[in-house]
Amino acid sequence: MDKPTNKPPIKLLLIEDDSFMREMIALTLETENYEVTGVESGTEALQKLHNCNKYGGIISDMYLPDTDGLTLFEQIHTEYPDLLYLILTSETDEIIARKATSLGITYILKDENFAETVLAALANLPQIETAPASLAQMPAELFHDLNQPLNSIKMIAGGILFLLKQGEKLPDEELSDCMEKISVQTDLLASMLKKMRM
C-alpha cells in the first residue's frame, strides 16, 4: 500500500497592523496547515505579492495605516483576480459589508468565533490537505461542533503565549477571564466526547 503524501501548506498573506492580533491569527492558521506571511500595511502586502505570486488567499484588516481593505482589494484584484480575499473588521458597517459582498469579498467580524469563520472560508481554497480517513468519516455537523471549542482554545492560548514570548504579562483579571473561557470550552469538548462514547 502506498504511503499517503503530505501536500505542502497553502500560502496565505495576512495584513494586520496589530502585532498581537497578527500573531494570534497566524498561530491559529499554521496549526491548520497554512503557511502565513504577516505584514502590517497595504504597501508591504503589494511588495510581497510582487515578490511571490503563489499565495492562495489574502486576509486583510479593514483599516490599515496606509489604506483600507476595500481599496487594497481593488488594487490587488486587477492583477490577481483569482485570489480569495477576506476582510476582517471589529466594527459592523452594513454599507461596507454590502459593498464587500458585492465585490466577492468575504467580510468577517472579529467576534469570539471569527477564527472558525476564517477557517470555514479558507476551506474553499483549492489544494487543501485532505482530512485523514477517520475525520472524513466523521459527520460534518459533529466535526463542526468539536472544531469550534478547539479553535477558541487555540486562539486564547496562542494570544497568551505570544504575550509571554514578548516578555509581557496579562493583568490578573484578564488572565483569569482567559482561563475561565478555556475551562468552559474544555468542559464543552469533554461533554461532546462523553456523548460520543455512549
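Q: What relative accessible area does N33 have, and how is that value read?

A: A residue is called buried under 20% relative accessible area, exposed over 50%, and partly exposed in between (1.4 Å probe, protein chains only). N33 has a relative accessible area of 25% and therefore counts as partly exposed. This is a predicted model, in which local features need pLDDT of at least 70 and side-chain atom pairs count only at pLDDT 80 or more, whereas totals for chains, interfaces and linings use all residues. Residues are numbered from 1 along each chain as its sequence is written, and side-chain values use heavy atoms, with hydrogens and water left out.

Q: How many helices and strands does the protein chain have, and in which pattern?

A: Helices (H or I, at least four residues) and strands (E, at least two) are DSSP runs, numbered from the N terminus. The protein chain has eight helices and five strands, and along the sequence they follow the pattern β-α-β-α-β-α-β-α-β-α-α-α-α. Of the 198 residues in the protein chain, 37% are buried. Contact means heavy atoms within 4.5 Å; among contacts between residues at least 6 apart in sequence, 69% join residues at least 24 apart.

Q: Which residues touch the most other members of the largest nonpolar core?

A: A nonpolar core is a set of buried Ala, Val, Leu, Ile, Met, Phe, Trp, Tyr and Cys residues joined through side-chain atoms within 4.5 Å. The largest such core has 23 residues, of which L12, L29, Y34, I59, F114, V118 and L122 touch the most other members. At least two residues of this core come from each of β1 (10-15), α1, β2 (34-39), β4 (84-89) and α5 (114-122). The largest share, six residues, is supplied by α5. A second, separate core of 20 residues includes L70, I76, Y85 and I105.

Q: What lines the second largest pocket?

A: A pocket is an open set of points on a 1 Å grid over the protein atoms alone where a 1.4 Å probe fits, with protein on both sides within 12 Å along at least five of seven lines; lining residues have an atom within 4 Å of a point. The second largest pocket holds about 590 Å³ of space. Its lining has 26 residues, with E112, S152, M155, I156 and K181 nearest the centre. At least two lining residues come from each of α1 (19-30), α7 (140-165) and α8 (172-197), and α7 supplies the largest share, nine residues.

Conventions. Points joined across faces, edges and corners; volume = space filled by probe spheres on them.
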